[in-house]
Amino acid sequence: VSYPSIVGEMLASGFGIIGFSWICSPACTELEVVVMDWLAKFLKLPEQFLHATEGPGGGVIQGSASEAVLVAVLAAREQAVVKHREIHPELSESEIRGKLIAYSSDQSNSCIEKAGVIAAMPIKLLPAGEDLILRGEALKKAIEEDVQEGRIPVICIATLGTTGTCAYDDIESLATVCEDHNVWLHVDAAYAGGAFALDECADLRRGIDRVDSLNFNLHKFMLVNFDCSAMWLKDANKVVDSFNVDRIYLKHKYEGQSQIPDFRHWQIPLGRRFRALKVWITFRTLGAEGLRAHVRKHISLAEQFEKLVKDDKRFELVAPRALGLVCFRPKGDNEITAQLLQRL
């Protein structure tokens, strides 16, 4: 965390804004639109995710990656139900919901399983390869088997930077399969997404132009305090249509008069914090180059630690170093690793 972020958090707490709609605080909503476009450009994301471009895309700040994943899962689920009711009017809504199925890697974060539980939709954890990467072949096989058995594939949640080893799923091959079967593709880049900003890590961005949504935690790599998870959508209307519930007390006279969103339709809760302020102050104080230098420092420290592990005969690497993560263990019985962990 950084002091500019703490200052932003204090100011936001002092203002006490509950920014569920534009009229609650125009600055709260409008600064978030600006900041999310700044961040998208900083990470070199495709233009389709910017509010500033024509089209239905845009970004929003969620509390955590868990929330972002759940929003994607719920929106994809509701879109699938609407679509299949049109195609199969003979089926009841409950019959359709009972056939829905989602996919992710067995290396993915536990929040993805939890999203499936909350959404009442099974999520199959597909076996990653020996290199711990999920590829399109595994997804294609699972989808074809499920379609054969009458199930309805809804969404695949890929990971860029798995929790265990910071492995990167093969987004391009997964995107091809998802496009062929009309399946929503979400990318959880909670940790590794910060490296999108570095030219030397440009490979990580391959295929991002073909995904429907993605998330990245600023509280992991961007010196912003918890909670602050950025989420971008290729078509925000799909989320708004799934979550939109308007009561008379939520209406205001400026609705529908501008392109400024009411972010309550983009998230699980109704109320929302003024998180954009701490992001704005952090960017204005440290600058884009300062933040890139911070990410590079983490990677440099990991490289140094990796060398120390390799040079010490008592230890071994478990997986290749990735960004700031080095997976290592003492050689020998697992009990030695458990003892070391306890001492640390």
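Biologist: What does Lys220 touch, leaving out residues up to four places away in sequence?
Modeller: Lys220 touches Ala190 and Tyr191. Keep in mind that this is a predicted model.

Biologist: OK, and which helix is Lys220 in?
Modeller: Lys220 sits in α8, which covers residues 218-221.

Biologist: What does UniProt put at Lys220?
Modeller: The unreviewed UniProt entry lists "modified residue: N6-(pyridoxal phosphate)lysine" there.

Biologist: Is Lys220 buried, exposed or partly exposed?
Modeller: Lys220 counts as partly exposed, because its relative accessibility is 42%, and that class lies between the 20% and 50% cut-offs.

Biologist: Switching to Ser64, where is that one?
Modeller: Ser64 is in the loop that links β1 (58-62) to α3 (65-87).

Biologist: Why does Ser64 count as buried?
Modeller: Its relative accessible area is 16%, and buried means under 20%.

Biologist: Which residues does Ser64 touch, again skipping those up to four places away in sequence?
Modeller: Asn217 and Ser229.

Biologist: What stands opposite Val60 in β7?
Modeller: Met231 does.

Biologist: And how many of β1's residues are buried?
Modeller: Five of its five, so β1 is mostly covered.

Biologist: Which residues are on each face of β1?
Modeller: Gly58, Val60 and Gln62 are on one side, with Gly59 and Ile61 on the other. Both faces are covered, and all of those residues are buried.

Methods. Residues are numbered from 1 along each chain as its sequence is written. This is a predicted model: local features need pLDDT of at least 70, side-chain atom pairs count only at pLDDT 80 or more; totals for chains, interfaces and linings use all residues. Side-chain values use heavy atoms; hydrogens and water are left out. Helices (H or I, at least four residues) and strands (E, at least two) are DSSP runs, numbered from the N terminus. Buried means under 20% relative accessible area, exposed over 50%, partly exposed in between (1.4 Å probe, protein chains only). Contact means heavy atoms within 4.5 Å. UniProt positions are given in the numbering used here, feature names are shortened, and annotations may be inferred rather than shown by experiment. Two strands pair if DSSP finds at least two bridges between them.
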